Amino acid sequence: LQDCVMLAISEAGLEVWPASSVRSGENTTVLRTLGGEPWKLAAGTAVLCEHVVDLLSGEEVGLSEWCLLLAGWDGKMLPVAAVPMTHGLGVPPPSGSLR
């Protein structure tokens with residue numbers, strides 16, 4: 001479990017925390033969705049960033065070896081996003097917004 005992160009939907013967005021920690025702990029980060037409806041369901045996995053480069057912004061390309069690939073359901077669409085895991089596997093990405 002040391003290389004795993006957990007995620008959950010909240011009013012603030014997607015909460016992500018290390019599997020070895022608690023959801024409300026200091027290591028929990030929040031990823032907010034931009035545009036569209038808030039996500040109602042979500043799933044994710046760690047992938048090599050080189051495989052999802054088309055989902056990253058220009059500033060994010062090359063930041064990290066690993067990315068968190070997310071897919072959600074907002075009630076109408078299936079949005080997909082990738083976020084660099086800049087601190088490595090098992091550590092949530094910094095709080096921010098999903099494109």
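In the pairing of strand β4 with strand β5, alanine 43 stands opposite alanine 71 of β5, and eight bridges in total join β4 to β5 (residues 66-73), the two strands running antiparallel. Strands are counted here as DSSP runs of E of at least two residues, and helices as runs of H or I of at least four, numbered from the N terminus, while two strands are taken to pair if DSSP finds at least two bridges between them. The model is a predicted one, in which local features require pLDDT of at least 70 and side-chain atom pairs count only at pLDDT 80 or more, whereas totals for chains, interfaces and linings use all residues. Residues are numbered from 1 along each chain as its sequence is written, and side-chain values rest on heavy atoms, with hydrogens and water left out.

The β4-β5 pair belongs to an open sheet of three strands, ordered β4-β5-β6 and paired in antiparallel fashion. Its edge strands, each pairing on one side only, are β4 (41-48) and β6 (80-84), and the twist from one strand to the next averages 25 degrees, the angles being taken between the N-to-C directions of lines fitted to C-alpha atoms, on a scale from 0 to 180 degrees. Between β5 and β6, which also run antiparallel, there are five bridges, and leucine 69 has alanine 82 of β6 as its bridge partner. These two strands form a hairpin with six residues between them, and glycine 75 in the turn adopts a positive phi of about 100 degrees.

Strand β1 (residues 5-10) is joined to β2 by six bridges in an antiparallel arrangement, with a hairpin of two residues connecting the two strands and isoleucine 9 standing opposite leucine 14 in β2. Strand β2 is in turn joined by three bridges to β3 (residues 29-33), again antiparallel, and here leucine 14 has leucine 31 of β3 as its bridge partner.

Methionine 85, when its neighbours within four places in sequence are set aside, is in contact (heavy atoms within 4.5 Å) with Val5, Ala46, Ser64, Trp66, Cys67, Leu68, Gly90 and Val91.

For the protein chain as a whole, the secondary structure amounts to zero helices and seven strands. Buried residues account for 35% of its 99 residues, and of the contacts between residues at least 6 apart in sequence, 47% join residues at least 24 apart. The C-alpha trace spans about 35 × 30 × 20 Å along its principal axes.

Terms used. Buried < 20%, exposed > 50% of the residue type's maximum accessible area, 1.4 Å probe, protein only.
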